[in-house]
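I am opening a notebook page on this structure, and I want to go from the whole chain down to a few single residues.

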Amino acid sequence: MEKYLDTDFSFNSEIIEFVNNCVKDIEKDFENLKEIEEYNQLKVLNAFKKQKLSATDFSWTTGYGYGDFGREKLERIYCDIFKAKDAIVRQEITCGTHAIALALQGTLLPNDEFIYITGTPYDTLLKVIGISGEEKGTLLDYGIKYNKVDLVDNKIDIETVLSKINENTKLLAIQRSAGYSSRRCISISELEFAIEKIKEKYPNILIMIDNCYCEFVEKKEPIEVGADIVVGSLLKNLGAGITLNGGYVVSNSTEIIDSISNRLTSPGLGKHVGVSFGTTRAIVQGLYFAPHIVLEAVKSAKLLAYVFEKLGYEIIPKFNEDRSDIIQVITLKDENKVIDFCRAIQEFCCVDSHVIPYPWDMPGYSDKIIMASGSFIDGSSIELSADGPLREPFNVYYQGGLSFYQTKIALMNVLNIFYDKKYLDI
């Protein structure tokens with residue numbers, strides 16, 4: 001294998017040896033991850049069995065989509081997996097931002113307030129809210145009020161959150177993953193503690209969780225620890241590089257899902273319409289593979305963490321920290337390093353490996369973004385990908401990897417390019 005990498009890819013032999021030794025160093029750490037994979041795989045299989053998933057559930061419907069039994073069964077499967085009472089799982093939900101916007105728009109009314117209690121939300125949400133850009137139809141346009149509470153030492157500042165809640169506050173939003181910030185993901189145990197403390201004083205306040213990048217990384221999901229609404233994208237963990245598109249909203253309340261589904265279609269139609277266009281098979285199949293693919297992604301992130309920690313870079317999370325999402329943040333402190341990192345990853349993507357990514361004004365973002373993403377499903381960030389905004393402190397955000405071995409080779413390429421450009425010595 002080393003001879004193949006050396007002759008066919010022209011990798012520096014010392015880099016090959018270095019990465020292979022790093023893999024050997026951390027192989028024992030992968031054993032704990034297998035238990036999580038097995039637990040979540042059983043959870044998925046049990047839901048399929050309980051709902052009697054059948055070949056006929058993959059059939060198409062036309063027109064309004066009345067009687068799309070596969071679509072309805074899929075949503076019951078999601079309820080079983082997330083321990084929810086009701087769910088919307090649709091290909092009409094185009095991405096994670098759309099799922100979050102839909103949940104907020106379907107839950108909040110004029111004069112209602114919502115508070116992001118994990119600091120400023122992800123860049124694309126700023127335009128949804130209306131605090132960035134000049135978009136029409138934002139939450140602020142409809143008289144919905146926004147506030148935020150910053151994290152303190154990477155933890156939810158419960159005391160400040162409780163002091164901010166007023167008679168207009170209807171919903172608290174928690175973004176688990178870091179987005180383009182420099183912090184850890186919010187774990188399930190941290191969620192449980194915060195929700196318990198908040199609900200003790202305000203039992204009727206709604207708590208919504210942005211669960212993107214987090215599904216199946218731990219054994220529990222947020223509904224199980226008291227969350228009211230959980231949203232996410234099928235282009236990430238649950239799609240497993242198979243699902244073509246879509247998003248989900250699950251809740252502990254059928255009334256909440258009814259309200260959100262009325263926003264998705266219209267009042268009176270709700271969840272009863274919406275043709276699945278034959279996508280049910282791909283969504284279910286992605287869900288089946290998701291526990292294993294998430295394991296591959298977490299293993300990949302741990303390898304990058306270990307390697308770059310050994311090389312002296314600041315990383316989040318640390319190699320030996322517990323993980324709650326698939327993202328590895330590496331602080332490169334140099335715009336050119338971010339660009340070169342992403343280009344090196346692109347060279348070992350399955351699709352468009354010959355394409356050179358450049359920073360660009362990506363819709364929804366205030367800074368130029370460079371993104372390496374040569375995936376079977378366009379934008380599928382559970383597949384090998386890396387990206388980052390060109391702003392201080394010049395973090396690169398690595399995520400995904402359908403195969404750990406693909407990540408390992410892509411990592412060698414990153415180090416090889418860094419070595420050639422004299423960014424590092426091995």
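Before I look at how the chain folds back on itself, I note that two residues are in contact when they have heavy atoms within 4.5 Å. I also keep in mind that this is a predicted model.

**Entry 1, the whole chain.** I then listed the secondary structure of the chain and found twelve helices and twelve strands. For the overall dimensions, I read that the C-alpha atoms fill a box of roughly 65 × 50 × 40 Å along the principal axes. I compared the radius of gyration with the rule for a compact globule: for 426 residues the rule gives a value near 22 Å, and the chain has 22 Å, so the two agree.

**Entry 2, surface and charge.** I looked up how much of the chain is covered, and buried residues make up 59% of the 426. The accessible surface comes to about 18400 Å², and 50% of this belongs to carbon and sulfur atoms. I also checked the charged side chains, of which 46 are positive and 61 are negative, with the centres of the two sets lying 3 Å apart.

**Entry 3, strand β11.** Which strands pair with β11? I found that strand β10, residues 369-372, pairs with β11 in the antiparallel sense over four bridges, and that strand β12, residues 395-399, runs antiparallel to β11 and is joined to it by three bridges. Asp387 of β11 is the bridge partner of Met371, and Asp387 also has Tyr397 in β12 as a bridge partner. When I looked at the cover of β11, which spans residues 385-389, I saw that five of its five residues are buried. Ser385, Asp387 and Pro389 lie on one side and Ala386 and Gly388 on the other, so both faces are covered, as all of these residues are buried. In the hairpin of β11 and β12, five residues stand between the strands, and Phe394 takes a positive phi near 60°.

Is Asn416 buried or exposed? Its relative accessible area is 9%, and because buried means under 20%, I write Asn416 down as buried. I located Asn416 in helix α12, which covers residues 404-420. Leaving aside the neighbours within four places in sequence, I found Asn416 in contact with Ser10, Phe11, Asn12 and Ile15.

Notes
Residues are numbered from 1 along each chain as its sequence is written. This is a predicted model: local features need pLDDT of at least 70, side-chain atom pairs count only at pLDDT 80 or more; totals for chains, interfaces and linings use all residues. Side-chain values use heavy atoms; hydrogens and water are left out. Helices (H or I, at least four residues) and strands (E, at least two) are DSSP runs, numbered from the N terminus. The radius of gyration is taken over C-alpha atoms; the globule rule is 2.2 Å times the number of residues to the power 0.38. Buried means under 20% relative accessible area, exposed over 50%, partly exposed in between (1.4 Å probe, protein chains only). Accessible areas come from the Shrake-Rupley method with a 1.4 Å probe; for residues, only the protein chains shown count as cover. Lys and Arg count as positive and Asp and Glu as negative; His and the chain ends are not counted. The place of a charge is taken as NZ of Lys, CZ of Arg, CG of Asp or CD of Glu. Two strands pair if DSSP finds at least two bridges between them.
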